[in-house]
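This briefing concerns a single protein chain. Please consult the sequence and the coordinates shown below while reading it.

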Amino acid sequence: MENTKTTTKKASIKTDRTDKKQAIVKAYMEYVLTEGRPPASVFLFTKENKWKEEVFYTYFASFNALEKEVWNTFFENTVKNLHEEELYEGYSAREKLLAFYYTFIEELKKNRSYVTYAVHPMKKPEITPSYMKRLKTSFITYANTVLNEGMATEEVLQRPYISKKYGDALWMQLLFIVDYWVKDESAAFEQTDVAIEKAVNLAFDLMGKSLLDSAVDFAKFLYQSRTN
C-alpha cells in the first residue's frame, strides 16, 4: 500500500511539473503573438503572470531555451503520431520521410500563428536559426535511422563521403518545406503537399541508384573482365 501511495505521489508531482511547464510555454507564445516581440526579461514576464522568477528557471535557462523546447516538441509529437499509425513500420524509407513531413506540417498547423512569427525573420532558410538547433539534432538522428533502413534495402545507395551528408541534406530540405508552408497561400496548403512530394521524390532519386551509378558499375565490370 505504501509503495502505491509513493508511486501515485510521484506521478502527481510529475503531472504538476508538466502542467506548469506547459503553462509557461503557452504564456510565452501568447505574449509574443500579442506584443510581436519576446518579453523584455524573465523577471517582467514572470511578474506579469504572477509566478516567482525561480519557477521559470526550474524549466528553462532562457527564452531561447524555451523556444528550442517548443520546436523540439513539434518533432516529438510528430514522431509519436507516426508510431501510433499501425502501417508506419512497414513503410519504405521514402514513405516514412513523406509521412514525417506531412505529419510535421499538420503539427505546425496547430500553432501556425506562432510558427509564422518565429520563421518570418528567417531570411536565409539554409541557415539554421538558434531556436531550431535542438530540432535539428533530433531530426537528423531520425533521418539517419530512416536512411540506414533505406541502405539496408538498397533503396538508398551508399556512396563514399557523400552518404554521411544525406542527413544534413534532408535537414536543409525540412527548412525549405517549413519556409514554403509559411509562405503558402493556397487553399488547405495544397501546394505545400505537392512541394513535399516532389522534394522527397527528388531526394530519393538522387540518393538511389542513378544512371550514372549504373554507368560506373558497367565501366567497372568491363575493366575487371579485361584484367581477368
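The notes below move from the overall fold to individual residues.

The model is predicted. The protein chain contains 10 helices and 0 strands, and its pattern along the sequence is α-α-α-α-α-α-α-α-α-α.

**Overall architecture**

- Of the 228 residues in the protein chain, 38% are buried.
- Among contacts in the protein chain with a separation of 6 or more, 71% are made by residues 24 or more positions apart.

**Nonpolar core**

- The largest nonpolar core has 60 residues, and the members that touch the most others are Trp-71, Phe-100, Tyr-101 and Phe-139.
- Both domain 1 (1-60) and domain 2 (63-150 + 164-206) contribute at least three residues to this core.
- Leaving aside residues up to four places away in sequence, Tyr-101 touches Phe-139, Leu-170, Gln-173, Leu-174, Ile-177, Ile-196 and Val-200.

**Helix 4**

- Helix 4 covers residues 63-83; at 1.5 Å a residue its 21 residues should span 30 Å, and the 31 Å between its end C-alpha atoms agrees with that expectation.
- The buried residues of helix 4 are Phe-63, Leu-66, Glu-67, Glu-69, Val-70, Trp-71, Asn-72, Phe-74, Phe-75, Thr-78, Val-79 and Leu-82.
- In an α-helix there are 3.6 residues a turn, so residues three or four places apart point the same way.
- Trp-71, one of the buried residues of helix 4, is also among the core residues that touch the most other members.

- Thr-46 belongs to helix 2 (residues 42-48).
- With a relative accessible area of 1%, Thr-46 counts as buried because this value is under 20%.
- A polar atom of the Thr-46 side chain lies 2.9 Å from the backbone oxygen of Val-42.
- Not counting residues up to four places away in sequence, the residues touched by Thr-46 are Trp-51, Lys-52, Glu-53 and Phe-56.

**Positive phi values in loops**

- Most residues other than glycine have a negative phi.
- Lys-50 is placed in the loop between helix 2 and helix 3 (53-59), and Lys-50 is exposed because its relative accessibility of 76% is over 50%.
- Glu-154 likewise has a positive phi, near 65 degrees, in a residue other than glycine.
- The loop between helix 7 (133-152) and helix 8 (166-183) holds Glu-154, whose relative accessibility of 70% makes it exposed.

**Pairs separated along the chain**

- Asp-193 lies in helix 9 (residues 190-207) and is partly exposed, at 32% relative accessibility.
- Is Arg-159 buried or exposed? Arg-159 lies in the loop between helix 7 and helix 8, yet its relative accessible area is 16%, so it counts as buried under the 20% limit.
- The C-alpha atom of Arg-159 is 9.9 Å from that of Gly-208, although the two are 49 residues apart along the chain.

Definitions and conventions:
Residues are numbered from 1 along each chain as its sequence is written. This is a predicted model: local features need pLDDT of at least 70, side-chain atom pairs count only at pLDDT 80 or more; totals for chains, interfaces and linings use all residues. Side-chain values use heavy atoms; hydrogens and water are left out. Helices (H or I, at least four residues) and strands (E, at least two) are DSSP runs, numbered from the N terminus. Buried means under 20% relative accessible area, exposed over 50%, partly exposed in between (1.4 Å probe, protein chains only). Contact means heavy atoms within 4.5 Å. A nonpolar core is a set of buried Ala, Val, Leu, Ile, Met, Phe, Trp, Tyr and Cys residues joined through side-chain atoms within 4.5 Å. Domain bounds come from an automatic or database domain assignment. A polar contact is a pair of N or O atoms within 3.5 Å; within protein, one must be able to donate a hydrogen and the other to accept it, and residues adjacent in sequence count only if both atoms are side-chain atoms. The expected span of a helix is 1.5 Å times one less than its number of residues.
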